[in-house]
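Try each task before reading its solution.

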Amino acid sequence: MNTSRIEHDFLGERILLDSAYYGIQTLRALENFGITGIPINTEPLFVQALAFVKKAAALANCELGVLPRHLGEAIAAACDRVAAGEFDNQFLTDMIQGGAGTSVNMNANEVIANVALEIMGHPKGEYQFCHPNNHVNCSQSTNDAYPTAFRIALNNKLVGYRETLHNLADAFARKGEEFHDVLKMGRTQLQDAVPMSMGDEFHAFATNLREELLRIDDSRRLIDEINMGATAIGTRVNAPAGYPELVTEHLRTITGLNLSLAGDLFEATYDTGAYVQLSGVLKRTAVKLSKICNDLRLLSSGPRCGFHEINLPALQPGSSIMPGKVNPVVPEVVNQTAFYVIGADLTVTMAAEAGQLQLNVMEPVISFALFTSISYMTNACRTLREKCVVGITANKAHAENLVRNSIGIVTQLNPVIGYEASADIAREALKTGKSVHDIAVTERGLLSEEKWNEIFTFENLIRPVFIK
């Protein structure tokens, strides 16, 4: 049978089930913030990071004589269990909330306090032995604990995203090698341009995405800077001398991250520029990824009335009415994911701009937007690689036939017969349907068959050298 306990805060008393490790302030948050229906435990790296912050604070406070050794050790042990995921189901506050993250911070304080109480042999709620505010939150404010945990979680979440994006770029590069001998028509403004290798096209996709790996690394360096010890607004109120430096050192050890203490804790407490930068990087990659997916959809269009230069894996029937139709569903879903991330970037931008004076209270929606965007981009990159890119095949003969019958190849004749003559050939070919070869060589005799063959080798079409 469920038993209960009574807890109080300065607003009054509330009843909590004894099975709950969270306390009265978390309960109030559950009652007040039913916005997304998505609790913070859907981001386990965030819960883990909160435990890391609380452990580092407990260790620093012990060393500085602010916490009794036995209490600091119990809190640290409780943090280890929370960081391991043992109590994820107790972190229930909504991802979007008022209070600049206070509810998240108190959710962590209360759970860790009650776990520490059990470790010390006390029932939950006997906070005279380990108090969420006095002990677990010692030398801290939400205004330094929350953003520090957020930055640690972002850093760790970006590791998985970066690896997934790297793997996607590698998959495109391998297709580039596979398609190195596939001749195809390059296009600008959706019109025939000049020939190229399909391998070069896919290598370009890989290069385009690999550039983003460097931008991720730049963003991670920005979020390595933390404001632990700033407490409320940067004055270090209620924190002992030496605490900011010591807690940062403990966090570096606990997390394995290259964290650094901000030089100006006042600025660091309200500044959200690093989040804007990271969001912009995610948006930039989303835009690039969506453009690539647009290309894949075009290149696979048809099969009879489109480009049909490549085949995407057939994953499911494409219509409830048109038999045999197969749609490019994976590029389509990646397009839509990109649209979401682009929109989330605007959310981050507006939330960052909405900061006032010594604190930006909109950080919860920034965290929600960034965590969600990273998750969605990770899933999109993995899906695109596994269900699309690795299975792409080239219609080599068809692609080459499009080149040989294209008017675009007339560009190669400019150095030999001049622009005007080349343009005239193009006009006639377009009007009559005759090939460029037949008009230039057979009918007009503007160049010999030998010269034609010299100009229009495969290598000279994809790596043209100047021939006059």
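This is a predicted model: local features need pLDDT of at least 70, side-chain atom pairs count only at pLDDT 80 or more; totals for chains, interfaces and linings use all residues.

Residues are numbered from 1 along each chain as its sequence is written, and side-chain values use heavy atoms, with hydrogens and water left out.

**Exercise 1.** Work out how strands β1 and β2 are joined.

Solution. Start with the ranges: β1 covers residues 4-9 and β2 covers residues 12-17. Strands here are DSSP runs of E with at least two residues, helices are runs of H or I with at least four, and both are numbered from the N terminus. Two strands pair if DSSP finds at least two bridges between them; β1 and β2 have 6 and run antiparallel. Finally, 2 residues lie between the strands, which form a hairpin.

**Exercise 2.** Decide whether H250 is buried or exposed.

Solution. First locate H250: helix α8, residues 243-255. Its relative accessibility is 15%, so H250 counts as buried (under 20% relative accessible area; exposed is over 50%, partly exposed in between; 1.4 Å probe, protein chains only). Then list its contacts (heavy atoms within 4.5 Å): neighbours within four places in sequence aside, H250 touches A56, L59, A60 and E63.

**Exercise 3.** Find which helix gives the most to the lining of the largest cavity.

Solution. Check the lining list, which includes T142, N143, Y146 and P147. Helix α6, residues 142-178, gives the most, with 4 residues.

Methods. On a 1 Å grid over the protein atoms alone, a cavity is a set of points where a 1.4 Å probe fits but cannot get out, and a pocket is an open set with protein on both sides within 12 Å along at least five of seven lines; lining residues have an atom within 4 Å of a point.
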